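I opened my notebook to look up a few things in a protein model. Come along and check each entry against the picture.

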Amino acid sequence: MTLVSGWLLYGWSIAVQTKTKKTLAKPNIRNIVVVDGVRTPFLLSGTSYKDLMPHDVARAALTGLLHRTSVPKEVVDYIIFGTVIQEVKTSNVAREAALGAGFSDKTPAHTVTMACISANQAMTTGVGLIASGQCDVVVAGGVELMSDIPIRHSRKMRKLMLDLNKAKSVGQRLSVISKFRLNFLAPELPAVAEFSTSETMGHSADRLAAAFAVSRLEQDEYALRSHSLAKKAQDEGLLSDVVPFKVPGKDTVTKDNGIRPSSLEQMAKLKPAFIRPYGTVTAANSSFLTDGASAMLIMAEEKALAMGYKPKAYLRDFMYVSQDPKDQLLLGPTYATPKVLEKAGLTMNDIDAFEFHEAFSGQILANFKAMDSDWFAQNYMGRKTKIGLPPLEKFNNWGGSLSLGHPFGATGCRLVMAAANRLRKEGGQYGLVAACAAGGQGHAMIVEAYPK
Amino acid sequence: MEFHDPPISASQSAGIIGKLFCKFILKYLFLIGYICRNFTESSALLTRTHINYGVKGDVAVIRINSPNSKVNTLNKELHSEFIEVMNEIWASDQIRSAVLISSKPGCFIAGADINMLAACKTPQEVTQISQEAQRTFEKLEKSTKPVVAAISGSCLGGGLELAVSCQYRIATKDRKTVLGTPEVLLGILPGAGGTQRLPKMVGVPAAFDMMLTGRNIRADRAKKMGLVDQLVEPLGPGLKPPEERTIEYLEEVAITFAKGLADKKISPKRDKGLVEKLTAYAMTIPFVRQQVYKKVEEKVRKQTKGLYPAPLKIIDVVKTGIEQGSDAGYLSESQKFGELAMTKESKALMGLYHGQVLCKKNKFGAPQKDVKHLAILGAGLMGAGIAQVSVDKGLKTLLKDATLTGLGRGQQQVFKGLNDKVKKKALTSFERDSIFSNLTGQLDYQGFEKADMVIEAVFEDLSLKHRVLKEVEAVIPDHCVFASNTSALPISEIAAVSKRPEKVIGMHYFSPVDKMQLLEIITTEKTSKDTSASAVAVGLKQGKVIIVVKDGPGFYTTRCLAPMMSEVIRILQEGVDPKKLDSLTTSFGFPVGAATLVDEVGVDVAKHVAEDLGKAFGERFGGGNPELLTQMVSKGFLGRKSGKGFYIYQEGVKNKNLNSDMDSILASLKIPPKSEVSSDEDIQFRLVTSFVNEAVMCLQEGILATPAEGDIGAVFGLGFPPCLGGPFCFVDLYGAQKLVDRLKKYEAAYGKQFTPCQLLADHANSPNKKFYQ
């Protein structure tokens, strides 16, 4: 990766130094570990998974996890999945997928939703169940299938159909039908827009980038970096969390298909996607609509050890934040990072692997600028000083949501596994996972490498 | 006295232009913004004070920033500096295009300086000002170097005329950014080429709509109309305050467009929609044009009743430009502008403008404690109305009623008020919900211990008011203000049972509270200054225009109305048909006819007021027989609210019919008319002089502190004809002597009710005495 222009120089490189803390283990609190985690290949929506239902993809992640960890199904106390745009038929998709994957029908399962941090919520819900002693073994994951979304009849049409259902006599039915108007047939589509502001996320991202004066070139450069690093990681076989998925009636899918390193010249040709004609967010510097699922086996450390596992990482302190859903929709990482570090008693220097969710290049770069601004810290975060920039050489080194894809409900587990796998591969003790989410919410979590 | 404000799309035909014009006067006067300002310093000779510019690449960025003011105003200094700057830009080889932007986030240019017009003595002087601006803007329009107007905040009057002379317009899409030509509301017309450019830019019907209503147009609407070419979204926090960064971003975007225009990569021409193309095509047919002029003129005549000269002249000027070419159009514009600026109507409207600026200030200063928690007693029309204008300003509001049904009705009223705004797209449904959650409905006094102010809006019954005052004082904190929304009960009598009369004040709102802008605040001898400051602060927050008056029966507004209402009854008794009476009053300039007004206010309320004030003022308030009201009440003819009054009101029926059951009541109370004072004009003047005489007496007795407040109260609260500028302005413009003569004539016929008050007589005796010097 060549240094294309100024912003890459923001990163400061730091010599390996001793950690503020040797471990984040706390007395009298159970250590919680990730035994392992997997995901299906993340695919552009409308490709190989397009005829599936969400629980099919989730099931593939679960069976992949069973295969990878060989965990006896009956040991699993609880299953939690995150998802965002729900298929109405399988609203508790966790349960449907688990049953199909052959888990015991005695293992309860529930589904959580928290926009792009739904899988994070699934994991931390599991952490809570284990920490409080309710469970020892939890499977957490997430799924999203953007190839098929619930397009509904209009409210008027739905009302008419429900009324028709209730109508008893022919006369009543005719009277209901007579109320029908052609415009009732206009369908209602789910939008990737904030309910509270009606603003689409891309539009908000474009405004956010403008507010922080992030240029189009900077965004394209960052997107190119993401794709290049993802390609490299894929080629080098570093994306070990991906499990192959034999799609019924189709070939076995073995890798993510959205990684497309292009050139800045090509990217510069694209027209803005949201704020036309002068905006800066384009299809090339945004994450794309993605199908995919992830799953992760979380256990109390003593349980994992008793079962003979060699865990990959500890799940440590985490933090949820929320802020103005209009003007700060995607600034979750900026708010969550200093808080989770303080909670854990760490500093930015202690972090060896940063894994931030990349919704848009502009969003990542706006977060960088916010994290690097004393003015922002003082005026909006109630802090005396800025938290500072994550060093770029430790940041999303194996690609990110821009290139690997972003199935809304599943990304959280991918981030944690990327951090855990990177710590093992690159060496290092602490990883920081952070993500923004619709609703102006955000999440951050510390992942600690399990001693080898 | 309801003032509707239906959303009218400007692209629609001229047929719907302008709902009742005079109503718009009321509605929009306050929207004009603070056009007028005084310069406290003389502009320095060498440096420019209003405008500076810098060059970025080959784009000149011209920044407008009038010193010592929140707004930029188009005055002589700014104008001459603009000419200087443009000449430099045109002369420079380095510069290929320009961006025109304000350094003030909330204001592009709020309009021309009306003091500049007021200082002129002759129409010719005003015409000359217009012609100078026309010349400058024409040069700007013909500039070979493209100029992009980057608009953030109010862009009104002369500011808009400047913007439409530029080659391209980009506006910030926020609520502060409004475009419009409010000149008509001041009795003048857009005098700097607006009447000629707007029809070409947005089409004739839309241009008429803009100029004849003076409405403010939001940026997104302006984009659809073709008034602006691009929108820029407001930005949130970044590395500097949002407003600052948004302006900077607007400038950046404008620069790219300026470059694009200079490089001919961007065309200043706009793609028109099908409807627009068809309208434009239709307007090329002379017959269609004539029909449009005719239609608009008819509409205006009907609505202004010939009382406002400006709208007709606007039509005339636009017509001249289209039919006889630009030169004739510009000449006509400047001449008519000069003529209009000298009219009584314009002076009256400008007086009102100054008055309302005055009544938007808190003369008591900031209160010691900001009111954050408001409690309202009584969820009736008034109580709920007060709640509605409070919750949407962020005040946490408790609404207490005695019954669940009453409370539910009130809550629904607040919700409906907000929801109507959602339908008009003034609010999102989410904002509505979030605003509505500021309201807590309840039947008990829970939470009153946190209230900073309690406004009671229970029935107009002194003993009931005493009871709630005592109940409330038992639960509220020491600093809490107790305000009574009564329209006639003296505040000192209500305060008589208070443990802390210094905290008791009157806040008289007008119905419907969300539409009527006036708030009459009544102070007693004992009311403390801080209590007054608090009440005014709350009123201003609620968006009200405020007059502060002394306590007394009927205060100011109700008291002025009472003798006029008494006269209404007499006129009806004399056999004038309510419809005729209505038409006589509306043709004098009142927005609502006198008989309709009684129906709207409520016959029972009118009766109540007539009795109370009749007791207080005796014979002077005699005139009509209050028995008329008593009989109406006993028959259940309470006006609009009961479906019957002088008229019959039916849901969904637009043209109301006379209530024929009134015939027998009117017949039983019939008195013979006196022919010497019963001409149409006399009937109008009997009503108006009784009103004006009482208003002047209020000033004489010190109920009113200033004539300006009297005018604002009468126009904004009671619908006194805006074209007359209010009772005091009317005395000045019409002549005190002529009024006194009329009063004496009516006194001779009817007696004491028409005896001119001393102050009015004084003014008649010394013609130099004016309420406004």
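**Ground rules.** I am working with a predicted model, where local features need pLDDT of at least 70, side-chain atom pairs count only at pLDDT 80 or more, and totals for chains, interfaces and linings use all residues. Residues are numbered from 1 along each chain as its sequence is written, chains are lettered from A and ligands numbered from 1 in the order in which they are written, and side-chain values use heavy atoms, with hydrogens and water left out.

**Entry 1: where the chains touch.** I looked up contacts (heavy atoms within 4.5 Å) and found 19 residues of chain A against 19 residues of chain B. The two chains bury about 1700 Å² between them, with 64% of it on carbon and sulfur atoms. Buried area here is the accessible area (1.4 Å probe) that two parts lose on being put together, summed over both. On the chain A side, A:Ala211, A:Tyr278 and A:Trp375 lose the most area to chain B, together 35% of what that side buries.

I then asked which helices of chain A each supply at least two residues to this side. They are α6 (201-211) and α12 (374-380), where helices (H or I, at least four residues) and strands (E, at least two) are DSSP runs numbered from the N terminus. The largest share, 4 residues, comes from α6(A). By class, I noted 11 nonpolar, 4 polar and 4 charged residues on the side of chain A that touches chain B. Ala, Val, Leu, Ile, Met, Phe, Trp, Tyr, Cys and Pro count as nonpolar, Asp, Glu, Lys and Arg as charged, and the others, Gly among them, as polar.

**Entry 2: salt bridges.** How many salt bridges cross the interface of chain A and chain B? The rule (a side-chain nitrogen of Lys or Arg within 4 Å of a carboxyl oxygen of Asp or Glu) finds 0 there. Over all chains, the search finds 72. I picked one of them, between A:Arg59 and A:Asp56, at 3.1 Å from N to O. These two residues are 3 apart in helix α1 (residues 54-69) of chain A, so about one helical turn separates them.

**Entry 3: the largest cavity.** I used a 1 Å grid over the protein atoms alone: a cavity is a set of points where a 1.4 Å probe fits but cannot get out, and lining residues have an atom within 4 Å of a point. There are 12 cavities of 30 Å³ or more, and the largest has a volume of about 300 Å³. A volume is the space filled by probe spheres set on the points, which are joined across faces, edges and corners. I counted 29 lining residues for the largest cavity, and B:Leu74, B:Ala112, B:Met116, B:Gly158 and B:Phe337 lie nearest its centre. Helix α4(B) gives the largest share of this lining, 5 residues. The lining divides into 18 nonpolar, 7 polar and 4 charged residues.

**Entry 4: backbone details.** I found a cis peptide bond joining A:Arg276 and A:Pro277, with omega about 0°. A:Pro277 sits in the loop between α8 (264-268) and β8 (290-300) of chain A. Another cis peptide bond joins B:Ser511 and B:Pro512, with omega about -10°. B:Pro512 is in the loop between β16 (504-509) and β17 (518-523) of chain B. Last, I noted A:Asn28, which has a positive phi of about 65° although it is not a glycine. A:Asn28 lies in the segment before β1 (32-39) of chain A.

Technical notes: On a 1 Å grid over the protein atoms alone, a cavity is a set of points where a 1.4 Å probe fits but cannot get out, and a pocket is an open set with protein on both sides within 12 Å along at least five of seven lines; lining residues have an atom within 4 Å of a point.
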